[in-house]
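Morning, everyone. Please have the viewer open, and we will walk through one model together.

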Amino acid sequence: MLVAGNNLSACVGPAVGARILTKRTGALLGALGFSTGLLIQGSGMINSINNLVPNTAPEVRAEILVVAIVIFIAANFARVPLSLSMSLVGLLAGTSIAHGLVSNWTYMSGVVAMWFIAPIVAALLAFYLIRLIYSRGVSNIWQRIRIYKVLLIVLAFTTAFGLGANTLGLIVATGGFNWITVAAAVAAVFVGAFFLGEGAVRRIGQEFYLMRYSNATVALAASTILVETAAILNIPLSNTQTTTAAVFGAGVSYKTKFLSLKPYVTIVAGWIIAPLLSFTIGYLL
């Protein structure tokens, strides 16, 4: 529920900010994307759990989920940008090492490597896509806007789909991937999308809208590609990482620009602090 509410704005915000979708329609589209991704690909995260915390007792997994929720809520009250998926992986890894359960160090190293590689790839992909788009000039601006509007709707759904397959799949797999936990997750997704996510949708949407249609489209496309790739590889990856990096890449692609680095430094610091802090708590738990 918290993940759906927190991430809804990043998925459908551009389409809502551009007034292509209403806030209610955007919430419905996002909830459907989250749920579809969870149902179709979410079970792949079972492999992640088996690699991170094999043969862990249900009560230990319950404790991990409770601590992850507490960290996530505390970070939101403190206005510190943290990724729940990164925090959850840190908790799982710390708990696994404390119990001497880690058997696949190669997988764990791959997850950490992906966390470093994905933001760099997202930024570079957005940078060169924006350069490519504007190097061709504007032939028919109204036709281009219509294409962007369609793409923003499609990408709103696919971004939500990727998050459902990756982050939500990891959460459900931690609790045990069965029809009860999946049903509870789907119900929570709709509650989170409609009651926790709408407040930030308009604000985030306007920020994306000010970036221009092309920037928002490229940022969402880059994030979707990387998160979906990670889901196929059964690697937990935060869409916060990829989207933020893609926005940065799109921003620096212009020859004449003013870009404040302070928000990005804060976010990157959160990427480092979240898994390390969570790992420590999981180890001590």
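First, the ground rules. This is a predicted model, so local features need pLDDT of at least 70, side-chain atom pairs count only at pLDDT 80 or more, and totals for chains, interfaces and linings use all residues. Residues are numbered from 1 along each chain as its sequence is written, and side-chain values use heavy atoms, with hydrogens and water left out.

Now the overview. The protein chain has 12 helices and 0 strands. Helices here are DSSP runs of H or I with at least four residues, strands are runs of E with at least two, and the numbering goes from the N terminus. Of the 285 residues, 53% count as buried. Buried means under 20% relative accessible area, exposed means over 50%, and partly exposed is in between, with a 1.4 Å probe and protein chains only. Next, contacts, meaning heavy atoms within 4.5 Å. Among contacts with a separation of 6 or more, residues 24 or more positions apart account for 85%.

On to α1, residues 2–17. It has 16 residues and reaches 22 Å from first C-alpha to last, close to the 22 Å expected. That expected span is 1.5 Å times one less than the number of residues. Where does α1 bend? At Cys11, by about 50°, and Pro14 follows within four residues. The bend is the angle between axes fitted to the seven residues ending there and the seven starting there. α1 is mostly covered, with 14 of its 16 residues buried. Just after α1, Arg19 takes a positive phi of about 60°.

What does α1 pack against? One partner is α8, residues 179–195, at an angle of about 50° with the axes 7 Å apart. Axes are lines fitted to C-alpha atoms, for helices over the stretch in contact, and angles run from 0 to 180 degrees between N-to-C directions. α1 and α8 are therefore oblique to each other. For the cut-offs: under 35 degrees is roughly parallel, over 145 roughly antiparallel, 65 to 115 roughly perpendicular, and the rest oblique. Ala4, Gly5 and Leu8 of α1 make the contact with Val189, Gly192 and Ala193 of α8.

α1 also packs with α2, residues 23–41, at about 120°, with axes 9 Å apart. This pair is therefore oblique. On the α1 side we have Ala4, Asn7, Leu8, Cys11, Val12 and Val16; they meet Lys23, Gly26, Ala27, Gly30 and Phe34 in α2.

Next, α11, residues 239–251. Its 13 residues reach 18 Å between the end C-alphas, close to the 18 Å expected. Buried or exposed? 11 of the 13 residues are buried, so α11 is largely enclosed by the rest of the structure. The buried set includes Asn239, Gln241 and Gly251.

Asn234 sits in the loop between α10 (213–232) and α11. Asn234 is buried, at 17% relative accessible area. Leaving out residues up to four places away in sequence, Asn234 touches Gly44, Met45, Asn47, Ser48 and Tyr107.

Then Thr174, in helix α7, residues 141–175. Thr174 counts as buried, at 0% relative accessibility. Which residues does Thr174 touch, not counting those up to four places away in sequence? Ile49, Arg61, Leu65, Leu88 and Leu92.
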